[in-house]
Number of protein chains: 2
Amino acid sequence: MEDYPSKLLAKAVEQLSTLPGIGRRTALRLALHLLRQEKEDVSTLGNAIINLRKDINYCSECYNISDLELCDICSSPKRNSNYICVVEDIRDVMAIENTAQFKGKYHVLGGIISPMDGIGPSDLRINELVERVKKGEVEEVILALSTTMEGDTTNYYIYKQLKELDVKVSTLAQGISSGDELEFADELTLGRSLLNRIPYESTFAK
Amino acid sequence: MEDYPSKLLAKAVEQLSTLPGIGRRTALRLALHLLRQEKEDVSTLGNAIINLRKDINYCSECYNISDLELCDICSSPKRNSNYICVVEDIRDVMAIENTAQFKGKYHVLGGIISPMDGIGPSDLRINELVERVKKGEVEEVILALSTTMEGDTTNYYIYKQLKELDVKVSTLAQGISSGDELEFADELTLGRSLLNRIPYESTFAK
């Protein structure tokens with residue numbers, strides 16, 4: 001371990017290097033950067049971090065991050081409550097909102113099942129999803145998780161919880177990305193896009 | 001700009017992305033990581049950042065970061081006050097200490113002259129260096145700045161301040177390649193370049 005000449009500095013480096021993707025060298029660089037900033041600016045940064053965790057609120061319906069009891073999407077009369085799109089976190093909500101293709105509501109799990117990271121079903125908002133569906137308004141649950149082993153596991157777990165209920169469960173189409181060269185697509189993706197081929201007419205813009 | 005569903009989150013992302021090398025996407029990833037941690041742990045991180053800047057102390061002799069009035073090196077009877085090694089920041093002190101080749105003391109400038117970043121000679125501890133030399137104990141000042149344009153400029157500026165005084169001014173041997181950052185040099189190269197330091201005048205182009 002490196003020997004820092006100041007406990008304050010050692011503490012800051014140790015703390016900054018707990019952040020994902022930040023090693024001790026980068027942490028020291030960040031700490032020296034902070035020392036060159038104004039005292040007030042550094043306090044603003046520190047307090048923004050503390051307050052984020054202390055005062056954060058989650059939408060009581062979809063569990064997305066929200067300053068209000070209900071998030072903007074859940075409280076909007078323009079969104080269709082019959083469709084629920086299940087995602088891992090807020091970044092996925094933002095990505096799907098950017099497509100402007102989805103007019104239903106969301107359900108934010110807060111992660112995916114990952115035994116390696118010690119995350120099991122009870123750490124996620126899966127029971128809350130089942131409760132939402134049991135209320136009867138939901139017609140279709142769209143699983144929009146990452147197409148990884150963990151995503152597949154989580155999809156299957158949720159599917160098992162929902163299959164006794166009167167609700168359609170769908171998942172995102174897998175295939176080649178727009179603009180992809182066919183020869184560079186991986187075999188699994190290419191194979192699936194072939195198996196799940198769709199009528200050509202359905203790709204016409206309406 | 002992206003549209004965050006929470007002012008707290010937007011504020012945290014905005015603040016985290018003021019850090020060097022951290023863009024908005026990484027800042028959002030860090031913010032979501034923080035939300036998954038314990039409240040106390042996040043407070044510890046935030047306070048470590050705030051306290052670092054608020055309570056930091058610099059050695060009154062060499063201006064290295066130090067919890068005490070005098071740093072461990074300046075207060076050590078084993079270190080030779082006749083030799084002063086001038087460096088940019090604490091990372092360079094740590095790098096040179098790791099070579100175990102230097103038994104003198106340091107002078108930490110707190111940066112290098114860089115008009116692009118608005119850093120001039122008066123922002124650095126150059127006057128303080130001149131005052132230390134004027135006290136008469138110093139026989140040799142070893143300039144150990146990065147071998148970049150900014151480092152060269154700073155070397156020359158310091159040399160001009162010191163050349164009327166009765167002190168030898170040397171610089172690290174060119175074992176380090178031009179354009180290298182000091183902190184990334186390997187210990188052997190850095191140690192050798194310190195042992196083989198040469199009179200500053202001999203580095204002038206003829």
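Which helix of chain A does A:Gly191 lie in? A:Gly191 lies in helix H7, residues 187-195 of chain A; helices here are DSSP runs of H or I with at least four residues, strands are E runs of at least two, and both are numbered from the N terminus.

Before going on, some housekeeping. This is a predicted model, where local features need pLDDT of at least 70, side-chain atom pairs count only at pLDDT 80 or more, and totals for chains, interfaces and linings use all residues. Residues are numbered from 1 along each chain as its sequence is written, while chains are lettered from A and ligands numbered from 1 in the order in which they are written.

Now for the strands of chain A. E1(A), residues 80-87, pairs in the parallel sense with E2(A), residues 104-108, over five bridges; two strands pair if DSSP finds at least two bridges between them. In this pair, A:Val87 stands opposite A:Val108. To get from E1(A) to E2(A), the chain passes through helix H4(A), residues 90-99, in a right-handed β-α-β crossover, meaning that with the strands pointing away from the viewer, the path from the first strand over the helix to the second runs clockwise. E1(A) also pairs in the parallel sense with E3(A), residues 140-143, over four bridges, and here A:Ile84 stands opposite A:Val141.

Over in chain B, take helix H6(B), residues 149-162. Its buried residues are B:Gly151, B:Thr154, B:Asn155, B:Ile158 and B:Leu162. They cover an arc of only 105 degrees around the axis, so they are on the same side of H6(B); the arc is taken from the directions from the helix axis to the C-beta atoms. Among the elements covering them are strand E1, helix H5, strand E3 and strand E4 of chain B.

Finally, the two chains meet. The contact takes 46 residues from chain B and 46 from chain A, where two residues are in contact if their C-beta atoms, placed from the backbone, lie within 7 Å. On the chain B side, the largest share, 15 residues, comes from H3(B).

Methods: Buried ≥ 20, exposed ≤ 12 C-beta atoms within 10 Å, placed from the backbone.
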